[in-house]
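Colleague: Can you walk me through this one? I would like to go from contacts to single residues.

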There are 2 protein chains.
Amino acid sequence: MLVRTKRELIDKMITEAIIRQHSLFTNLDEQFGKICAFAKLVRLQKKNPVPLTSERKSRVYFLASGAARLVSVAAVGEDYVSDILVDGEPFGDFSLTGSMPEGYIIGLRPSTHVFYFFTDDFKKLLNQYHQLSLNYNLIICNRLRYFQIRHYVWTRKDARERLLFFFRAWAACTGTRINDKVVLENYFSIGDIGDFIGVSRQFLHIMLNELKQEGFLYYSRKQIWISDQILQSEQEIRKEAV
Amino acid sequence: MLVRTKRELIDKMITEAIIRQHSLFTNLDEQFGKICAFAKLVRLQKKNPVPLTSERKSRVYFLASGAARLVSVAAVGEDYVSDILVDGEPFGDFSLTGSMPEGYIIGLRPSTHVFYFFTDDFKKLLNQYHQLSLNYNLIICNRLRYFQIRHYVWTRKDARERLLFFFRAWAACTGTRINDKVVLENYFSIGDIGDFIGVSRQFLHIMLNELKQEGFLYYSRKQIWISDQILQSEQEIRKEAV
């Protein structure tokens with residue numbers, strides 16, 4: 001058995017406590033410790049972007065807590081928000097194809113943590129633990145459906161629908177229900193959202209005002225209220241997105 | 001044991017022969033027969049679109065042979081080609097979320113077959129056979145990466161790049177290499193491709209002529225030649241798509 005320092009043992013306990021609830025570990029009581037030994041925890045801070053790749057080894061990441069934005073580097077000076085993560089999403093080399101994307105990730109809330117495995121380790125773990133492979137399957141299946149619907153909305157719908165798609169995805173995994181509304185704590189800037197849906201801040205302001213006047217949505221720096229009418233219309237889109 | 005008619009036994013043998021090589025069944029020699037018993041084979045014909053959903057049960061499909069186009073029904077009279085399938089791709093409720101998309105599928109080559117499982121059956125099989133869950137994982141991981149790159153190209157690149165994305169994906173899984181070119185047998189119409197990348201036939205013609213003049217591509221009703229220069233530039237896009 002490895003001799004560990006006190007610091008290493010404390011780190012291990014912290015990692016386990018923070019990632020334990022992630023759906024990747026559902027029904028893995030006994031094996032959790034063994035799998036967890038391969039996981040590395042990273043705390044994200046607002047002013048300290050963490051690159052997705054280093055050491056020339058691809059990594060598969062999961063959001064453990066908080067919220068984060070994923071930034072893509074298309075070319076020098078051409079960074080853009082490629083996704084917004086709020087609910088345990090996988091990212092990085094989550095397709096396990098050995099991809100090493102040149103992006104980085106930034107925390108949006110005070111207590112935002114991600115954890116990762118090196119792809120090679122993770123593949124071995126999937127081979128070893130059937131339940132882990134089922135859990136991972138479920139996670140990427142959900143991600144797949146999200147991508148499928150997003151592509152449909154991005155290619156067949158207008159900017160307003162892209163904005164609603166963003167709010168719906170967000171409300172689906174967090175927020176407090178009050179009567180016929182869902183209230184979200186707002187930790188995104190206008191710039192984050194505009195970048196994600198591909199519109200300018202000015203145009204985003206106009207759309208938010210329209211939605212407010214129609215009684216569908218109220219947006220402020222701290223809070224967002226979304227009405228049920230908007231959340232319900234998602235069912236139709238889900239049917240259309242093949 | 002079930003008493004089977006001769007017809008049923010022959011059908012079973014045909015199904016097994018056609019789907020055996022699909023990557024879903026890699027390393028599943030002994031269990032293949034048991035899993036295959038739940039699979040249903042469908043032969044696609046050009047003039048007979050097959051709806052993705054019926055009997056109110058969701059289905060997960062795989063392309064077994066040939067090529068097909070997946071058509072989405074956004075609204076009455078608003079059908080469009082949402083994807084083009086050439087290489088064993090999963091479709092339908094492949095996210096296993098119980099979705100019942102209102103689309104249909106059309107064969108593009110004489111011998112095009114798909115097979116499907118009901119989602120509930122398929123989930124049970126994944127639970128039962130670890131190797132099957134690993135194989136399925138690999139299939140949807142590849143699909144996920146394809147969706148990720150497609151979204152990147154669709155949102156950050158122009159129509160010409162979308163067209164090249166289509167040719168690259170196609171050349172990656174089929175075609176014959178001759179010197180510095182890949183030659184593809186063409187079974188798509190200008191309408192299919194234009195629909196998929198979201199441009200008119202007229203504009204697609206202009207782009208194809210440009211690519212021809214630049215020496216990158218030659219397109220005719222029967223054959224397409226694609227130069228290596230175009231295929232190689234995919235590496236960059238893969239790095240950018242986070």
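Modeller: Start with one pair: A:R109 forms a salt bridge with A:E185, and their closest N and O atoms are 3.3 Å apart. Keep in mind that this is a predicted model.

Colleague: How is chain A divided?

Modeller: Chain A has domain 1, residues 6-147, and domain 2, residues 157-240. The C-alpha centres of these two domains of chain A lie 26 Å apart.

Colleague: How many salt bridges cross the interface of domain 1 and domain 2 of chain A?

Modeller: The rule finds two salt bridges across that interface. It also counts three residue pairs in polar contact between the two domains of chain A, both residues being at pLDDT 80 or more.

Colleague: Which elements give two or more residues to the domain 1 side?

Modeller: Those are β5 (79-85) and α4 (130-156) of chain A. β5(A) gives the most, with five residues. By class, the domain 1 side that touches domain 2 has seven nonpolar, one polar and five charged residues.

Colleague: And how many residues are in contact there?

Modeller: 13 residues of domain 1 of chain A are in contact with twelve residues of domain 2 of chain A. The area buried between the domains is about 1200 Å², and carbon and sulfur atoms give 61% of it.

Colleague: Now the two chains. What area is buried between chain A and chain B?

Modeller: About 3900 Å², with carbon and sulfur atoms giving 61%. In residues, 43 of chain A are in contact with 43 of chain B.

Colleague: How many salt bridges are there across the interface of chain A and chain B?

Modeller: The rule finds zero salt bridges across it. For polar contact, it finds seven residue pairs between chain A and chain B, both residues at pLDDT 80 or more.

Colleague: Which element of chain A supplies the largest share of the side that touches chain B?

Modeller: α4(A) does, with 19 residues. The side of chain A that touches chain B has 20 nonpolar, 15 polar and eight charged residues.

Colleague: Pick a residue on the chain B side. What does B:H151 touch?

Modeller: Leaving out residues up to four places away in sequence, B:H151 touches A:R150, A:H151 and A:W154. B:H151 sits in helix α4 (residues 130-156) of chain B.

Colleague: Is B:H151 buried or exposed?

Modeller: B:H151 counts as buried because its relative accessible area is 9%, and the cut-off for buried is under 20%.

Colleague: Back to A:R150. Which network of salt bridges is it in?

Modeller: A:R150 is linked with A:D83, A:E89 and A:R143 in a network of salt bridges. Over all chains, the count comes to 26 salt bridges.

Colleague: Which one links distant parts of a chain?

Modeller: A:E214 and A:R160 do, 54 residues apart. A:E214 is in the loop between α7 (201-213) and β11 (217-219) of chain A, while A:R160 is in helix α5 (residues 159-173) of chain A. The N to O distance of this salt bridge is 2.8 Å. A:E214 is partly exposed at 37% relative accessibility, and A:R160 is partly exposed at 22%.

Colleague: What does B:R160 pair with?

Modeller: B:R160 meets B:E210 in a salt bridge, 3.9 Å from N to O. B:R160 is in helix α5 of chain B and B:E210 is in helix α7 of chain B, 50 residues apart.

Colleague: Different topic. How many residues of helix α6 of chain B are buried?

Modeller: Seven of its eight residues are buried. Among them are B:I190, B:F196 and B:I197. The buried residues of α6(B) pack against several elements of chain B, including β4 (68-73), β5 (79-85) and α4. After α6(B) comes B:G198, with a positive phi near 75 degrees.

Colleague: Which residue other than glycine has a positive phi?

Modeller: B:N27 is one, with phi near 55 degrees. B:N27 lies in the loop between α1 (6-19) and α2 (32-36) of chain B. B:N179 also has a positive phi, about 55 degrees, although it is not a glycine. B:N179 lies in the loop between β9 (176-178) and β10 (181-185) of chain B.

Colleague: Why mention them?

Modeller: Most residues other than glycine have a negative phi.

Colleague: Are B:N27 and B:N179 buried or exposed?

Modeller: B:N27 is exposed, at 58% relative accessible area. B:N179 is exposed as well, at 69%.

Technical notes
Residues are numbered from 1 along each chain as its sequence is written. Chains are lettered from A and ligands numbered from 1 in the order in which they are written. This is a predicted model: local features need pLDDT of at least 70, side-chain atom pairs count only at pLDDT 80 or more; totals for chains, interfaces and linings use all residues. Side-chain values use heavy atoms; hydrogens and water are left out. Domain bounds come from an automatic or database domain assignment. Contact means heavy atoms within 4.5 Å. Buried area is the accessible area (1.4 Å probe) that two parts lose on being put together, summed over both. A salt bridge is a side-chain nitrogen of Lys or Arg within 4 Å of a carboxyl oxygen of Asp or Glu. A polar contact is a pair of N or O atoms within 3.5 Å; within protein, one must be able to donate a hydrogen and the other to accept it, and residues adjacent in sequence count only if both atoms are side-chain atoms. Helices (H or I, at least four residues) and strands (E, at least two) are DSSP runs, numbered from the N terminus. Ala, Val, Leu, Ile, Met, Phe, Trp, Tyr, Cys and Pro count as nonpolar, Asp, Glu, Lys and Arg as charged, and the others, Gly among them, as polar. Buried means under 20% relative accessible area, exposed over 50%, partly exposed in between (1.4 Å probe, protein chains only).
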